[in-house]
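Here's a quick briefing on how this chain packs together. Have a look at the model first, then read on.

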Amino acid sequence: MHMNVNDLSPLLAYFEECHEGDLLAFAQTLDQTIFMFHFLPEDTFTCLERQNCCHVLMELKIAVMKIYTGIL
């Protein structure tokens, strides 16, 4: 799949609307989300589901930090 800036416009609009364009604040929110995820009741997710969800959130955070630091 080939993506362009137009494909990312909903995500960019979200950053602007909810985080005032502050990618670092968004990354910190992802950190908090990952932390709080571990306090959900044990029977909410299987161990593998919990691991997979945290992995996806962490990968999203890494991608956002690459954008923030200008690596991409």
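The largest nonpolar core has ten residues: Phe15, Leu23, Phe26, Ala27, Leu30, Ile34, Phe37, Cys54, Leu57 and Val64. A core here is a set of buried Ala, Val, Leu, Ile, Met, Phe, Trp, Tyr and Cys residues joined through side-chain atoms within 4.5 Å; buried means under 20% relative accessible area, exposed over 50%, partly exposed in between (1.4 Å probe, protein chains only). This is a predicted model: local features need pLDDT of at least 70, side-chain atom pairs count only at pLDDT 80 or more, and totals for chains, interfaces and linings use all residues. Residues are numbered from 1 along each chain as its sequence is written, and side-chain values use heavy atoms, without hydrogens and water.

- α2 (23–37) and α3 (47–69) each supply at least two core residues, with α2 giving the most, six; helices are DSSP runs (H or I, at least four residues), numbered from the N terminus.
- Buried in α2 are Leu23, Phe26, Ala27, Leu30, Ile34 and Phe37.
- They sit on the same side of α2 because they cover an arc of only 100° around the axis, taken from the directions from the helix axis to the C-beta atoms.
- Phe35 and Met36 are exposed on the face of α2 turned away from its buried side.
- The buried residues of α2 pack against α1 (9–19) and α3.

**Salt bridge**
- The whole structure has one salt bridge, meaning a side-chain nitrogen of Lys or Arg within 4 Å of a carboxyl oxygen of Asp or Glu.
- Asp31 pairs with Lys61, with the closest N and O atoms 3.2 Å apart.
- Asp31 is in α2 and Lys61 in α3, 30 residues apart.
- Asp31 is partly exposed at 34% relative accessible area, while Lys61 is buried at 19%.

Key
Contact = heavy atoms within 4.5 Å.
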